[in-house]
Amino acid sequence: MQPGGPGIPQCNARSPTLFTINTWLVCSLLANIFVAIIFPFCKRVPLRYQMKVKVIARNPDDYVRETKLDIQRVPRNYDPSLHPFEVSREYTRALNATKLERVFAKPFVASLDGHRDGVNCMAKHAKSLSTLLSGSCDGEVKVWNLSKHECVRTLQAHEGFVRGMVVRYCGTSFFTVGDDKTIKQWKMESPGYGEEEEPINTILGKTVYTGLDHHQNDPVFATCGQQVDIWDEQRSSPIRSFTWGVDSFSSVHFNPVETELLASCASDRSIVLYDMRESTPLKKVIMTMRSNTLSWNPMEAYYFTCANEDYNLYTYDMRYLAKPITVHMDHVSAVLDVDYAPTGKEFVSASFDKTIRIFAKDGGHSREVYHTKRMQHVICIKWSADNKYILSGSDEMNIRLWKANAAEKLGVLAPREREAANYSQKLKEKFQHHPQIRRIARHRHLPKTIYHQTKELRVMKEARRRKERNVRKHSKPGSVPVVSEKEKHVVTVVK
Amino acid sequence: MASPGEASVDETHVGKKKKLPARYWQELQEEERKDENKVKSDGEQSKEALQQEEDKTQKAKKRKQDQSPSDGEKVKPEKSDPFPGPAPIPEDRLQKFKRKDKLKKPHRKQHKLRDIIARSEDASEMAQKQAARFDLLLPEEAGFLEGDEDEDTCMISQEDIAEAVDITSGAKYFNLKLSQFGPYRLDYSKTGRHLLLGGRRGHVACIDWASKQLMCEINVMESVNDVKWLHTEAMYAVAQKKWLYIYDSNGIELHCIRKFNDVLRMQFLPYHFLLATASATSFLQYLDVSVGKEVAAICTKTGRLDVMCQNPHNAIIHLGHANGTVTLWSPNQKEALVKMLCHQGGVRSVAVDKTGTYMVTSGMDKKLKVYDVRTFKPLKSYFLSAGAACLSLSQRGLLSAATGDVVQVYKDVCSMPVTKPYMAHRLRGTVWGLHFCPFEDVLGVGHGDGFTSMLVPGAGEPNFDGLDANPYRSAKQRQEWEVKALMEKIQPELISLDPTELAQVDQATWEQRHQDRVEVLGFDPLAKEKFVPKYKKKGRSSAGAIERRKKQVAHEEQRDVIRKSVEDKMKMEKERKERERKKAALSTQKSALDRFKK
């Protein structure tokens, strides 16, 4: 390499060097016909115009918007070398998104008050998203308009508790059962001016009914009490009655996919499965403690989740009842109600410990907990059919409306807004296991009592585990088998 | 679009059909249509109808070939697609967007993990393909310079290039004659639009160099060691004789930072908002310019630090020293991450390329060396008769080296042996600062007689990313960018030699993690508490009895340990035997005829 060799031209154009003159010569003579004559003689003339050169020359018009009314142009180049530190930057974005999520997590939307006693049951409307029915412990049924947060109709349905309520699949009428041993069918629209509020149909039963559910698409419904009855809407006596040596059932639910199947929770700690087309029940599983209600997964026909008195929820596969698929723990008191999201991926549970928790269908612990200072024991819970809201009815006569996704923005999103939300969601997912992000994402404020109870339960569980370990250590090998958490709570399966 | 009814009305004046220019894709269809026309009772079609049909056929072409058209009479025989499937993507482009190798599939038992990995791999593959496809659509192409057959490109003068290219590009070659306050250091802003000049004798000027507009010009009445733009063109830092100063683009002094003294060289890390300074007192300091705090001050104990550069790939600072070593620094560690002995004399200049692969150094021993900074191994060594005082690497990997008053530009220094410079240019004074302009084919040279902007075809990246550094951004866009950039400021703790480390699984062993935990807590949470015997009454807690009980417990524990070790031993023995048995079985492979052996 020869730096500054003879070939390096000077930068000063005015200095009369050989090169500049020669260049000038070429320029002036190019058009001249003498070029052909002169050229052979001056060999040293470098022919500058035969070099090929291109430099970057951008037309600003291609990169700037034409008018003020346009949006700005943003040319992209996805070359990774132009975007250094992509992992660190994404991590920072994920961290910010997680923090913002916790900032914007305001799940409580509204409270619907008007009941004069605790809310005992609720029913979603089959066709209208904004309609909700609720029955209270004094026999009153209210129909709510959720978008306006107001009660549109009140009727005194029963004497004593309204135990169960269900809207017919067509949405034109609904059924209620109460402590006064009656089943009543009501029209959905309120009576005209001067008309009496009267049921379309009343069935007087022999015993108290505690639960009720309607078939997905047939005029058939099921009640439970001392036995499980299947009713035809046209008849005043049940078309079928199931008993299996139990004195009372607390709830009954039709499978939304395999529509002829039913499941009910009995007070002898069992969950019984039925096929409507058969005369006898299919099978039952007996657990260590009583289940209050259950909810079928609307997307996976085999799975149902039951809310148990032992503070846990259990998801079962109805084909293999010997042990639950998942045990969902986190509540610190009896779980009273459970309802699946219409997507079948999550469910919400209501508990006696005054909280609502949201679980993933295969998650052992809850992803979210809702509570307020004023909310007492939550008795009934529903997940709205548009997968956006959760409705809870509690002891202190209020129905509360919650967002299913605490940090979600309500209302219509602009496309870019939605894109940004999706992007940050993906980022949060990607970096969810990083300790700093996980710590922020998992943090929830809990009421003092629940916080301490959780701690206490943890200590108790640890003590039990230790004791069992010690017992195993000091007994003959194999005589104290290891029982998994899933198997612990099932006593037996009867067919 | 004309309806079939109209077509029949228009029939009358269609004696001669206008022949459309032939297209290769129409040949077959044209013939078929002729056949059809013969058969048809109507005879001929109107021009409009013909065109309409043609449109239809073209649209159908765009769709899938095997879709049959709805009306029965226009059914064409099956014709195979000459280019079936999606358009192929060149392998090298795909390679460009490849982030990492495919993972090994986990065991079938871990079906959830398997599923997640499969999905994410699909998604990343699709992203890679889309990015590679998008790469074909980029509007600009890189510059180049090719001489005549027997002509070296280094012989071509700047004037000739400026004359040969278009006017706007030609105007990018210019000289600023500033002989009074020279020699000059310079810096281009991240977008490449703005130029900052700092004269040794106190002259500081910032210029929108493309439009040749002077933004501000001041004389700080002190010697200026280095100048640097901060994250936008609104602020810049000037290392003056004693302190570090921050000015805004109108030349108003914003800050005088007395914590930073005798600064000789500066580097700005744009994604971390850190200004790294190297001082004559051998201190390497980091200033967080978003909050104005000193992040780290490291005493390097290596004397005067006047050779400095950053690795744009991982934000590590490289310092060159008088004893021929180059050291690598991050703000998280008081010691150098790496020390490399690069030259026999002192190091004069260091430069690292954009991808963080190559480091180029030049030393007093008049050598120019290329290192791989991933493995810290030397790749190439060149001898320059004058030795290079300043080095700079462009976005596309051109290396400019200043030897005295000559600037040489080399191409492909890192990958293949080079004998001749790509370009060369002589200036009037000694070169003091050298910088390639991002996204332009321009090399800015600050020298004793002012500033020269050279044209170096093929230096700059032709296609910029509008969300990262947009030379054409408006004030509003700049503001938005600033907010976003501040939001995703990378914390200085994340600076490490491997910038992708954060995305890797932390495979620390249990012992390691436990040790970390103990360190954080200050005690061992899993430590076994010492056995304290219960106090028993009726003389059972005599000293001897207590000792006995203690011993009993200790023995019990000892027995546990022994039992476990024996079990382990047995297990290993068993495994060994099993292995041997298998080996033996394998070595004496039985054939079908073996059974006849006795």
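Entry 1. I began with residues 112–154 of chain A, where the chain is 58% strand and 0% helix and the end C-alpha atoms are 13 Å apart. The model I am reading is a predicted one. I looked up the annotation: an unreviewed UniProt entry gives "repeat: WD" for residues 112–154, 328–359 and 371–412 of chain A. I then took residues 371–412 of chain A, for which I find 43% strand and 0% helix, with 27 Å between the end C-alpha atoms.

Entry 2. For chain B, UniProt (unreviewed entry) sets "repeat: WD" at residues 340–381. I note that this span is 60% strand and 0% helix, and that its end C-alpha atoms lie 15 Å apart.

Entry 3. I next checked the domain features. In chain A, the unreviewed UniProt entry assigns "domain: Sof1-like protein" to residues 404–490. I find that stretch of chain A to be 62% helix and 1% strand, with the end C-alpha atoms 31 Å apart. In chain B, UniProt (unreviewed entry) lists "domain: BING4 C-terminal" at residues 421–499. There I record 16% helix and 28% strand, and a distance of 33 Å between the end C-alpha atoms.

**Entry 4. Helix packing in chain A.** I asked how helix α3 (residues 86–104) and helix α4 (residues 415–430) of chain A pack. Their axes are 8 Å apart and meet at an angle of about 105°. I therefore describe α3(A) as roughly perpendicular to α4(A), since angles of 65 to 115 degrees count as such. From α3(A), I list A:E90, A:R93, A:A94, A:A97, A:T98 and A:E101 in the contact. The α4(A) side is made by A:Y423, A:S424, A:L427, A:K428 and A:K430. Sorted by class, I have five charged, four nonpolar and two polar residues in this contact.

Entry 5. I inspected A:F85, which sits in the loop between β1 (52–54) and α3 of chain A. Its phi is near 60°, a positive value in a residue other than glycine.

**Entry 6. Backbone of chain B.** I located a cis peptide bond between B:G182 and B:P183, with omega about -25°. B:P183 belongs to the loop that links β2 (174–177) to β3 (184–188) of chain B. Further along, I examined helix α9 (residues 510–521) of chain B, which has twelve residues. From its first C-alpha to its last, α9(B) reaches 16 Å, close to the 16 Å expected at 1.5 Å a residue. Just after α9(B), I find B:G522 with a positive phi of about 90°.

**Entry 7. Interface of the two chains.** How many residues of each chain are in contact with the other? I record 83 residues of chain B and 52 residues of chain A. The area buried between the chains is about 6,200 Å², with 57% of it from carbon and sulfur atoms. On the chain B side, B:R426, B:Y472 and B:E488 supply 11% of the area that this chain buries against chain A, more than any other three residues.

Methods: Residues numbered from 1 in each chain as written. Chains lettered and ligands numbered in written order. Predicted model: local features only at pLDDT ≥ 70, side-chain atom pairs only at ≥ 80, totals over all residues. Heavy atoms only, no water. Axes fitted to C-alpha atoms, helices over the stretch in contact; angles between N-to-C directions. Helix = DSSP H or I, 4+ residues; strand = E, 2+ residues; numbered from the N terminus. Parallel < 35°, antiparallel > 145°, perpendicular 65-115°, else oblique. Contact = heavy atoms within 4.5 Å. Nonpolar A, V, L, I, M, F, W, Y, C, P; charged D, E, K, R; others polar. UniProt positions renumbered as here; feature names shortened; annotations may be inferred. Expected span 1.5 Å × (residues − 1). Buried area = accessible area lost by both parts, 1.4 Å probe.
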